[in-house]
Amino acid sequence: MTDLRHYDVIVSPAVTEKSTMASENNQVIFNVARKANKPEIKAAVEALFNVKVTGVNTHVRKGKVKRFRGTIGRQSDVKKAIVTLAEGHSIDIATGL
């Protein structure tokens, strides 16, 4: 039985050109909750995808100030996790959960 808190930790996969290149090195990039720490992220990925995680690196992308029709708005901060998988394990992002 998967703990429902794991779904709160992993927000979405980050599908970018950089994340596609990282997949060649057995890495997957996820947008995660701002308060999530590395052990929680590791436990969530292992439980949800049935894979072995060897490392988790995180960073916070600060929100940008953008203009739309003269009105100033601000994008929210996004925390990303770069999850390194053990040899032989992989996650297919296209299938979803």
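Which element gives the most to the lining of the largest pocket? Point 5 has the answer. The notes below work towards that pocket from the overall fold.

1. **Overall layout.** This is a predicted model. The protein has three helices and six strands. Read from the N terminus, the order of elements is α-β-α-β-α-β-β-β-β. The C-alpha trace spans about 50 × 30 × 25 Å along its principal axes. There are 97 residues, and buried ones make up 29% of them. Now take the contacts with a separation of 6 or more: 57% of these join residues 24 or more positions apart.

2. **The nonpolar core.** In soluble globular proteins, nonpolar side chains tend to be buried together. Here the largest nonpolar core holds 17 residues. Ile10, Phe30, Ile41, Val45 and Val83 touch the most other members. Helix H3 gives the most, with four residues. Set aside its neighbours within four places in sequence, and Ile41 is in contact with Val9, Ile10, Val32, Ala36, Val56, Thr58, Ala81 and Val83.

3. **The aromatic pair.** How many aromatic pairs does a search of the whole structure find? The search finds one. A pair of aromatic rings is described by the distance of the centres and the angle of the planes. The partners are phenylalanine 30 and phenylalanine 49, with ring centres 5.7 Å apart. Their planes meet at 25°, and the cut-off for stacking is under 30 degrees, so the pair counts as stacked. Phe30 sits in strand E2 and Phe49 in helix H3, 19 residues apart, so the pair links distant parts of the chain. Phe30 is also buried, because its relative accessible area is 1% and the limit for buried is under 20%.

4. Histidine 6 lies in helix H1 (residues 5–9). Is His6 buried or exposed? His6 is buried, with a relative accessible area of 15%. Not counting residues up to four places away in sequence, His6 touches Ala43, Ala44, Ala47 and Leu48. Glycine 63 is the second case. Gly63 lies in the loop between E3 and strand E4 (65–68). Gly63 is buried at a relative accessible area of 12%. Which residues does Gly63 contact, leaving aside its neighbours within four places in sequence? They are Arg74, Gln75, Ser76 and Asp77. Gly63 and Gln75 are 12 residues apart in sequence, and their C-alpha atoms are 4.7 Å apart in space.

5. **The largest pocket.** Rolling a probe the size of a water molecule over the atoms shows where empty space is left. In this model, the largest pocket holds about 190 Å³ of space. Its lining has 15 residues. Ser19, Ser23, Gln27, Val28 and Ile93 lie nearest the centre. Helix H2 (17–22) and strand E2 are the elements that give two or more residues to the lining. Now the opening question can be settled: E2 gives the most, with three residues. The lining divides into eight nonpolar residues, seven polar and no charged.

6. **Follow strand E2.** Phe30 of the aromatic pair is in E2. E2 also gives three residues to the lining of the largest pocket.

Methods
Residues numbered from 1 in each chain as written. Predicted model: local features only at pLDDT ≥ 70, side-chain atom pairs only at ≥ 80, totals over all residues. Heavy atoms only, no water. Core = buried A, V, L, I, M, F, W, Y, C linked by side-chain atoms within 4.5 Å. Buried < 20%, exposed > 50% of the residue type's maximum accessible area, 1.4 Å probe, protein only. Contact = heavy atoms within 4.5 Å. Phe/Tyr/Trp six-rings, centres within 6.5 Å; stacked < 30°, edge-to-face > 60°. 1 Å grid on protein atoms, 1.4 Å probe; cavity = no way out; pocket = protein on both sides within 12 Å on 5 of 7 lines; lining within 4 Å. Points joined across faces, edges and corners; volume = space filled by probe spheres on them. Nonpolar A, V, L, I, M, F, W, Y, C, P; charged D, E, K, R; others polar.
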